[in-house]
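Welcome! Let's take a friendly walk through a protein chain, from its core to its sheet and helices. Have a look at the picture first, then read on.

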Amino acid sequence: MTTVEFSPAAEPLAAKLLEPAREILARYPAGRERSALLPLLHLVQTEEGHVSPAGVAFCADILGINKAQVGAVATFYTMYKRRPTGEYLVSVCTNTLCNVLGGQEVYDQLVEHLGVGHDETTADGRITLEHAECLAACDYAPVVTVNYDFTIDQATPESAVELVENLRQGDRPTPERGARICSLREMQYQLAGFADPRDGAVADGVAGAPTLRGVRLAQEHGVAVAGFDPDTPITKTKPARNESALPPRTDAADKPIEGKPEGRIATVAKKAAGAVKAAAGAVAEKVDERRHSGKAAEQAGDNAGRTTDTGDLKDPEVRTAERRNPTMDTPDRTGDAEATTPVPENQAEAAGVAANTPAGDGKPAGDSSRGEHIVSQRTAEQKPEATDPNPGWQNVPRVTEEEK
Ligand code: FES
């Protein structure tokens with residue numbers, strides 16, 4: 001194996017992580033080692049709890065890529081943390097289904113109880129809180145995970161507070177489902193692709209009642225897929241098509257064509273091609289028509305001899321739709337009230353518009369005004385630290401205009 005020369009920033013991590021890192025690299029074909037970046041970033045987090053500048057340098061050096069390439073990946077995925085994290089990462093789903101079933105209330109209650117907001121860690125270093133967008137357990141909504149393991153199903157604000165209190169006191173409560181709770185660093189080791197020998201470190205089980213509810217309801221109501229036999233094994237390859245069952249091929253004049261019958265896909269493709277051709281012809285005709293009418297107006301008008309706008313060649317219906325949702329390229333978008341303010345077309349649409357404040361303030365969806373208020377109040381009460389004890393590569397201080 002080739003010797004890697006580590007930069008001074010990466011050396012301390014290399015002294016600890018070189019051996020498991022080499023083990024990760026060995027899983028990939030020669031020349032494709034850079035694909036190991038994702039597990040390597042998890043490995044880095046086992047040591048530091050986040051992807052530090054040293055972690056970025058370590059990954060870049062061992063893979064022979066530059067730090068910007070590592071940073072691009074590390075900043076894309078939410079599972080790579082940019083700041084030091086606590087021992088337990090408590091994630092509350094505030095996505096659609098969890099939200100309607102109380103996920104936001106659970107999150108807000110934790111914000112209030114812990115005094116931290118999204119992606120922030122309690123002063124004792126135990127808990128990092130985050131709201132997540134679908135934890136892939138919608139059937140158990142609202143859900144709370146600890147270090148990515150399902151810990152509370154159908155969570156309530158009370159059960160969530162009880163959980164974090166237990167964790168803060170050093171207990172590791174038994175999760176309702178999933179593996180035994182471990183520390184975030186232990187979890188990072190698993191995510192880097194190493195077996196965790198702890199008892200109950202990996203858990204799997206049969207599907208629970210909420211997951212099977214749809215099946216049960218279908219059984220109770222006699223809903224079934226016609227011809228479905230649960231005892232018939234699923235074939236791995238498609239059975240041969242019974243071509244003789246297809247209708248005979250005919251030409252445009254409905255005369256039978258000799259040879260093999262045409263497959264259904266070929267028939268559909270042929271029909272689609274015909275439809276596209278017809279539509280293209282219609283558009284070309286329309287464009288021609290407008291060009292001619294533009295030319296006629298030019299010749300008849302005062303502007304003879306000057307360059308004349310040939311007019312908007314787009315279909316009026318398409319243009320109307322664009323004006324209702326304008327982009328920078330949409331003509332006349334400025335000053336056109338209709339272009340910037342969509343007009344509801346019916347009562348239901350009007351009610352929807354009235355009930356929803358416009359999006360786009362750039363804030364994470366889970367940070368409700370209640371949560372933000374709680375956090376800003378707490379922040380105002382706390383004395384700010386003079387310096388960040390653990391500045392990350394992402395925490396480059398901003399230079400003000402005056403300082404420049
Ligand atoms: S919406 Fe919460 S788990 Fe899917």
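**The nonpolar cores**

Among the 32 residues of the largest nonpolar core, those touching the most other members are Val 90, Val 92, Leu 110, Val 143, Val 144, Ala 160 and Val 164. A nonpolar core here is a set of buried Ala, Val, Leu, Ile, Met, Phe, Trp, Tyr and Cys residues joined through C-beta atoms within 7 Å. A residue is buried if 20 or more other C-beta atoms lie within 10 Å of its own, exposed if 12 or fewer, and partly exposed in between, with C-beta atoms placed from the backbone.

- Two or more residues each come to this core from S1, helix H6 (103-114), strand S3 (127-132), strand S4 (144-146), helix H7 (157-168) and H8.
- Another core, of 22 residues, lies apart from it and includes Ile 24, Leu 41, Val 56 and Val 70.
- In soluble globular proteins, nonpolar side chains tend to be buried together.

**About the model**

- This is a predicted model, in which local features need pLDDT of at least 70 and side-chain atom pairs count only at pLDDT 80 or more, while totals for chains, interfaces and linings use all residues.
- Residues are numbered from 1 along each chain as its sequence is written.
- The chain has 14 helices and five strands; helices (H or I, at least four residues) and strands (E, at least two) are DSSP runs, numbered from the N terminus.
- Of its 404 residues, 23% count as buried.

**The sheet**

- Five strands make an open sheet with mixed pairing, in the order S2-S3-S1-S4-S5; two strands pair if DSSP finds at least two bridges between them.
- At the edges are strand S2 (120-121) and strand S5 (149-152), each pairing on one side only.
- S4 and S5 run antiparallel and are joined by three bridges, with Val 144 opposite Ile 152 in S5.
- H6 packs on the sheet, where it touches S1, S3 and S4. H7 packs on the sheet as well, touching S1, S3, S4 and S5.
- S1 and S3 run parallel, joined by six bridges, and Cys 93 has Ala 132 in S3 as its bridge partner.
- S2 and S3 run antiparallel with two bridges, and Thr 121 stands opposite Thr 128 in S3.
- Five residues lie between S2 and S3 in their hairpin, and Gly 125 in the turn has a positive phi of about 75 degrees.

**Strand S3, covered on both sides**

- Six of the six residues of S3 are buried, so this strand is largely enclosed by the rest of the structure.
- Ile 127, Leu 129 and His 131 are buried on one side of S3, and Thr 128, Glu 130 and Ala 132 on the other.

- Which residues of helix H8 (residues 184-191) are buried? They are Leu 184, Met 187, Gln 188 and Gln 190.
- These residues cover an arc of only 155 degrees around the axis, which puts them on the same side of H8; the arc is that of the directions from the helix axis to the C-beta atoms.
- Helix H2 (37-48) and strand S1 (88-93) are included in what covers the buried residues of H8.
- After H8 comes Gly 193, with a positive phi near 100 degrees.
- The buried residues of H2 include Pro 39, Leu 40 and Leu 41.
- Helix H1 (11-25), helix H3 (53-63), helix H4 (67-74) and H8 pack against the buried residues of H2.
- Just after H2, Gly 49 has a positive phi of about 75 degrees.

Definitions and conventions: Two residues are in contact if their C-beta atoms, placed from the backbone, lie within 7 Å. Axes are lines fitted to C-alpha atoms, for helices over the stretch in contact, and angles run from 0 to 180 degrees between N-to-C directions.
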